[in-house]
Each structure stands twice: as structure tokens, then as C-alpha cells.
Amino acid sequence: MRPILLHGHTRSLTKIKYNRDGDLLFSTSKDNKPQVWFSHNGERLGSYDGHNGAVWDLDVNFDSTRLLTGSADNSCRLWDVMSGKQLYKWDTRTAVRAVAFAEGNRKALYVTDATMGQQSTLWVVPIEEELEYQTDEFELKIVMPGDKKKATVACWGSLNKTIYTGHEDGTITIWNVETGEKILSVREHTEAITDIQWQKERGFFITSSKDCTAKIFDAKTLRVMKQYVTQRPVNSAAISPIRPHIALGGGQDAMGVTTSGTKAGQFETRFFHLPFETEIGRVKGHFGPINTLAFHPDGKSFASGSEDGYIRLHVFDSDYFDFKYAEETMETI
């Protein structure tokens with residue numbers, strides 16, 4: 001599994017994401033320029049220039065025509081994917097931590113940080129087809145209660161009826177999009193949630209946390225279905241679309257990296273069998289904590305972005321697809 005190394009960012013990666021077709025890979029980092037790449041060969045297509053601070057999150061719409069980014073420069077921005085032109089800018093009072101398009105591309109959400117006396121807030125805004133009608137008006141505003149309830153990640157639920165948020169204190173909450181009311185909330189993690197990614201059919205999702213675990217949750221009940229334990233903080237977790245596998249990325253935090261070697265830091269992508277919860281392999285290569293992971297939509301490759309400023313594209317070898325536990329091949333009698 002020889003990777004393709006992508007180096008276009010000058011600082012550590014914060015988010016990578018494939019578009020729906022899988023031909024493009026988008027990335028953001030603590031520099032101020034989101035990038036777009038061809039996923040099959042790693043060729044850089046260009047950047048989106050305009051932010052003045054670290055870019056924390058991104059999302060691309062269904063037909064790969066528009067890109068949404070959230071930044072520490074107190075703005076959420078909408079871009080034209082092909083031309084790189086900025087289409088619209090939402091100014092905020094604090095940094096934007098998470099962004100996401102709704103199904104159908106007619107709405108989007110962004111989450112602002114709890115700093116400078118402001119509480120963490122979730123905003124839902126309409127996305128107009130005609131830019132001349134785009135405004136700062138919002139459809140929904142949810143203020144996160146409590147000092148330690150800052151939302152760190154957010155995503156839409158099925159059919160845009162709900163929104164899921166992960167919080168600094170390890171809580172996961174489901175919100176009603178129509179009323180803004182809390183539907184359900186659980187605290188199964190003990191530290192900040194760093195990532196949330198859906199399974200293909202959206203029946204369940206995976207979370208990663210600074211508490212050194214990743215967990216599979218049922219989408220409706222928020223019941224913990226599976227748990228994966230590591231020895232270092234987990235910064236990102238992804239579910240394979242074709243195999244019963246999950247990938248975890250993390251490692252010793254950046255503050256401690258200079259005082260230990262890469263082996264102690266555990267900067268590998270770790271693969272676990274989803275139902276059996278057992279580790280099945282590791283992929284090394286990064287020289288810093290892995291901050292973000294994504295499976296290609298066809299499940300035949302994956303990408304990782306690290307504190308070292310590199311993105312690594314890995315195509316799975318053929319034996320990866322042949323591997324099965326004996327229990328997986330047993331026939332029912």
C-alpha cells in the first residue's frame with residue numbers, strides 16, 4: 001500500500017472530505033487556504049483564497065458545485081467549486097467550528113465557538129440558488145447551554161429533520177430542526193468529541209473523542225452499539241462503505257510530540273473490525289497526530305490528514321478485500 005503524498009498546506013490539516021463521486025478531495029488546515037485535489041493521482045487543482053485565519057471545517061454540496069468553509073477569522077463562506085470564487089460570506093462574532101450542507105443543498109448549518117463572552121451557537125441558514133437573493137437571515141438559532149457545552153462537531157440527520165451535535169464535555173445531542181428543541185442527549189464520552197461520521201445508510205454513526213475511544217451509536221436511540229479503545233486521543237473516525245471495518249486516527253497531542261519519538265506518539269491509522277471490535281491492521285507514515293480521516297466513496301482507498309501538514313492517499317491492496325474472519329464465512333445451518 002504505497003501512498004500518494006499531497007503537500008499544499010503550510011500548517012497542520014484540520015479536515016479532508018471527498019465529494020459524492022469521489023473524484024475530488026477537499027482539504028482545510030490551520031493556514032487560510034482550503035485546497036482541492038484530484039483524488040486518483042493527488043494533483044492539486046487550486047485553492048480558495050479569502051480567509052484570514054485557520055479554517056476548521058468544510059463541506060461540499062451534492063453535485064459538487066459549491067463549497068462551505070468555517071474559519072477562525074469569524075466567518076462562514078460559500079465558494080464556487082470550479083472557479084474558486086467566493087459567492088457569499090456570513091460574518092460571525094466568534095470562530096466557526098463546524099459547517100454542513102443539508103440534503104438537497106437548500107439549507108446549511110454552521111456552529112460558532114464559545115469565546116469572548118459569547119455562547120456556542122448553532123445557526124441554520126437558507127442557501128439560495130440565485131445569489132442575488134442570498135442574505136444573512138437565519139431559519140434557526142440554537143444556543144448551547146452551559147460553559148462546557150461548546151459544540152465541536154455537527155451534522156444533519158436523515159431527511160433534514162434533525163441535527164446532531166457533539167460537545168466539548170463528551171455529550172451528543174439530537175435537535176429538532178422545526179422547533180429547535182432538544183430531542184435526546186447522552187454523555188457516553190468523558191472528553192471532547194472530535195469527529196462524527198455517518199454510516200452509508202445513516203442507521204448509525206461513529207464518533208471519536210479525546211478520551212481515547214471511538215464509539216458506534218444508533219441514530220435514533222443514541223445507544224452505544226460498539227466501542228473501540230486506544231491508548232492515545234482519537235481525532236477522527238471513519239466507517240468503510242463496503243467492508244465491516246472502521247478507521248481511527250489520532251496520536252499523542254502536538255504539545256508532547258517534540259519530547260517523544262514517532263513510535264511513542266502512535267501516529268498510525270488503525271483499522272478495527274466493526275462488529276468484533278478487534279484491531280486488524282495499522283498504516284504508518286505520518287510524523288504527527290492524524291487529525292482527519294476519510295474513506296473514498298467506493299471504499300477502495302482512504303485519505304488521512306495530519307499535524308505534519310501532509311495528506312496521504314492510500315489505495316488498498318487486493319488482500320485487504322480478501323481478508324475475512326472465519327466467523328464471517330460460516331454458513332447458517
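A salt bridge is taken here as a side-chain nitrogen of Lys or Arg within 4 Å of a carboxyl oxygen of Asp or Glu. The legends below describe close-up views of a predicted model.

**Figure 1. The salt bridge between Lys17 and Asp59 in the predicted model.** The closest N and O atoms of Lys17 and Asp59 are 2.8 Å apart. This pair links distant parts of the chain, with Lys17 in strand 2 (residues 13–18) and Asp59 in strand 6 (residues 55–60), 42 residues apart. Lys17 counts as partly exposed, at 30% relative accessibility. Asp59, at 7% relative accessibility, counts as buried, because buried means under 20% relative accessible area. In total, the structure holds 14 salt bridges.

**Figure 2. The salt bridge between Asp21 and Arg20.** The closest N and O atoms of this pair lie 3.9 Å apart. Asp21 has a relative accessible area of 55% and is exposed. Arg20, with a relative accessible area of 47%, is partly exposed.

Figure 3. Arg282 is partly exposed, its relative accessible area being 39%. Glu279 also counts as partly exposed, at 29% relative accessibility.

**Figure 4. The largest cavity and its lining.** A search of the whole structure finds 2 cavities of 30 Å³ or more, and the largest has a volume of about 80 Å³. Its lining consists of Thr230, Arg232, Pro233, Val234, Leu248, Gly249, Gly250, Gly251, Gln266, Glu268 and Arg270. Strand 23 (residues 245–250) supplies the largest share of this lining, 3 residues. By class, the lining residues of the largest cavity divide into 3 nonpolar, 5 polar and 3 charged.

**Figure 5. The second largest cavity and its lining.** The second largest cavity holds about 40 Å³ of space. Pro145, Lys149, His167, Thr171, Thr173, Trp175, Lys182 and Ser185 form the lining. At least two lining residues come from each of strand 16 (171–176) and strand 17 (182–187). Strand 16 gives the most, with 3 residues. The lining of the second largest cavity comprises 2 nonpolar, 4 polar and 2 charged residues.

**Figure 6. The second largest pocket.** About 300 Å³ of space lies in this pocket. Of the 16 residues that line the second largest pocket, Thr92, Arg93, Thr112, Trp123 and Lys141 are the closest to its centre. Two or more lining residues are given by each of strand 9 (86–91), strand 11 (107–112), strand 12 (121–126) and strand 13 (140–143). The lining of the second largest pocket has 5 nonpolar, 6 polar and 5 charged residues.

How values were computed: Residues are numbered from 1 along each chain as its sequence is written. This is a predicted model: local features need pLDDT of at least 70, side-chain atom pairs count only at pLDDT 80 or more; totals for chains, interfaces and linings use all residues. Side-chain values use heavy atoms; hydrogens and water are left out. On a 1 Å grid over the protein atoms alone, a cavity is a set of points where a 1.4 Å probe fits but cannot get out, and a pocket is an open set with protein on both sides within 12 Å along at least five of seven lines; lining residues have an atom within 4 Å of a point. Grid points are joined across faces, edges and corners, and a volume is the space filled by probe spheres set on the points. Helices (H or I, at least four residues) and strands (E, at least two) are DSSP runs, numbered from the N terminus. Ala, Val, Leu, Ile, Met, Phe, Trp, Tyr, Cys and Pro count as nonpolar, Asp, Glu, Lys and Arg as charged, and the others, Gly among them, as polar. Buried means under 20% relative accessible area, exposed over 50%, partly exposed in between (1.4 Å probe, protein chains only).
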